[in-house]
Every structure is written in structure tokens, then in C-alpha cells.
Amino acid sequence: MRLIRKIGLAATLALAALTVHAGDRLPATGGAHMIEGAGGGGIVPWAFIAGYGTNRQVGGSAFFTRVRTEDFELDTGGVAVGIFDRVELSASRQKFDAGSVIPGLELKTDTLGAKARVYGDAVYDQDTPWPQVAIGLLHKKNRDMTVPNLIGAKDDTGTDIYVAATKVWLAGVGGRNALATFVLRATKANQFGLLGFGGDKKDDYSVQPEVSAAVLLTDNLALGAEYRWKPDNLSAFKEEEAGDVFLAWFPHGNVALTAAWAKLGATAGKDSQKGWYLSLQLTL
């Protein structure tokens with residue numbers, strides 16, 4: 001209940017930001033939302049702070065994403081607040097339909113996130129080779145551990161800690177704006193935390209790399225790709241890397257629609273899962 005109250009408070013703050021403040025940063029610099037709620041791509045956080053708020057503004061965003069593969073569905077939604085382009089707070093919930101493994105099985109994970117920009121400004125520091133750098137954490141709680149415990153998961157909560165570096169090149173690729181992000185994440189999560197944390201094979205944190213890149217084809221259309229390595233902690237279910245290729249459309253400065261083809265690898269005992277995801281985001 002305490003976690004849900006925190007999520008409700010974060011949602012209230014984000015909605016207040018959306019209705020009261022308007023951000024002045026460049027379009028697309030708030031990123032989309034990754035499935036765990038932080039600002040970034042679909043599966044990789046960026047060093048940008050969510051929302052379009054400048055260093056004198058509070059921004060915010062809300063999102064809903066659906067992922068569909070051959071055997072599974074994942075719905076995730078959440079909110080984020082960006083404070084003075086320096087600190088980001090986020091809250092999200094992931095709901096995983098695993099009925100193809102056990103009829104009626106639905107796994108849910110709540111995630112609270114925090115991110116702080118600690119170095120650089122990716123947009124305005126164009127005369128330096130150095131990226132914008134942020135540190136962040138994602139604290140996750142699995143709401144039903146019956147199945148994860150049966151397959152060897154050790155904990156129902158876990159905290160991912162990451163460092164993200166994002167570099168922007170204005171007019172850098174054929175005259176188009178482009179960006180790249182590299183992340184190092186310390187994690188014990190099984191399948192993003194949907195199958196608990198730690199396992200019978202390994203119950204220690206491991207550092208996993210992640211990469212993301214995108215280019216703006218037009219002023220309101222971005223093409224990108226991501227790749228994320230993950231730990232393999234459970235003997236019962238092999239876990240593999242995940243990746244996607246996405247197309248993000250910004251029909252309005254405050255609206256983003258993202259479609260992607262995703263490859264999630266072996267998931268919950270099912271061989272390599274491929275499919276699509278769609279995401280709607282409102283940002284100020």
C-alpha cells in the first residue's frame with residue numbers, strides 16, 4: 001500500500017506539471033518512455049530528463065505502451081516529472097499476460113524511478129566531444145511472487161542502478177539531428193523484474209550494457225534502434241538480450257506516437273519472442 005500511495009503522489013505531481021507548466025526545450029529531447037517508466041527509448045534510458053522543461057521550468061509526461069509478441073502481451077503505463085531539467089521522478093506499472101505459460105497467469109511489477117543529470121548539456125554543448133551524463137535508479141516490486149519463487153527467483157524487490165551518457169549531433173547525419181546513448185546498468189532483474197530478482201544460478205548484481213541511437217528523418221519523425229543485454233539468473237528459464245527498431249512521430253509538440261518491431265529473446269520459457277509495440281506519450 002505504501003508503494004501505491006507513492007505512485008499516486010508521483011502521478012498527481014506529474015499531472016499538475018502537465019496542466020500548469022509548458023516546457024521550452026527542443027522537440028524529442030524529452031525522449032519517449034522506456035517500459036520501466038524512465039525517459040528514453042522503449043527499453044533503454046537516456047541521459048535526458050523527461051518532459052520539455054528548461055532549467056527554470058517543471059515539465060512532465062504520461063505514457064501508455066503495449067507490447068505484443070507471438071506468445072505474450074505486456075501493458076505498461078506511467079508518469080514522470082522533470083524538475084528544472086536536472087532531476088526526473090517517475091512511476092509506472094507493468095502488467096505481463098503470461099497465459100500461454102499458465103492459463104490466467106498475469107504478472108505485475110510497480111517501478112519507482114529517479115534520475116539526475118550530473119554533467120553536460122547534450123543540446124547546447126555542441127562544441128565539446130563530451131556527452132550529457134545522468135545517473136539513475138529504478139526500484140521495482142513484483143506484486144505476485146508465486147510463480148517466480150517456483151522457478152527459483154530469490155526476491156520480490158530489486159533496484160537497478162545505471163549511468164547513461166547521451167550525445168547529440170545537430171545536423172550531424174546528412175544534415176539531420178542525431179543522438180546516441182550508452183548505458184551501464186547494475187541489475188538482478190529477471191525479465192525486467194517481471195519474474196523477480198536473482199535466481200538459483202546467480203543472485204548477485206551484474207553490470208549490463210545498453211545502447212540506443214536515433215536520427216530525425218524530418219522535424220517530427222525519428223528512426224532509431226536499441227539493444228539491451230540482461231542477466232541470466234534462472235535455470236528454469238533462459239534469458240537473452242532484447243532489441244528493437246522504432247519509428248517515433250511527433251504530430252504535435254506535446255504528443256508522441258512510437259511504433260516498433262521488438263525482439264525480446266527467450267521469455268518465460270518460450271523461445272525467441274518477436275513482435276511489435278505501440279506507445280502514446282503526452283509531454284510538456
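Tutor: Helices (H or I, at least four residues) and strands (E, at least two) are DSSP runs, numbered from the N terminus. Two strands pair if DSSP finds at least two bridges between them. This is a predicted model, in which local features need pLDDT of at least 70, side-chain atom pairs count only at pLDDT 80 or more, and totals for chains, interfaces and linings use all residues. Residues are numbered from 1 along each chain as its sequence is written, and side-chain values use heavy atoms, with hydrogens and water left out.

Student: How do you know that S10 and S11 pair?

Tutor: Strand S10 (residues 206-218) and S11 share 8 bridges in the antiparallel sense, and the definition asks for at least two, so they pair. Val215 has Leu223 of S11 as its bridge partner, and a hairpin of 2 residues joins S10 to S11.

Student: What makes S11 and S12 a pair?

Tutor: S11 and strand S12 (residues 242-252) are linked antiparallel by 8 bridges. Arg228 stands opposite Ala242 in S12.

Student: Why is Asp85 called buried?

Tutor: Buried means under 20% relative accessible area, exposed over 50%, partly exposed in between (1.4 Å probe, protein chains only). Asp85 has 10%, and is therefore buried. Asp85 lies in the loop between strand S4 (73-83) and strand S5 (87-97).

Student: Why is Gln191 called buried?

Tutor: The relative accessible area of Gln191 is 6%, so Gln191 is buried. Gln191 belongs to the loop between strand S9 (176-187) and S10.
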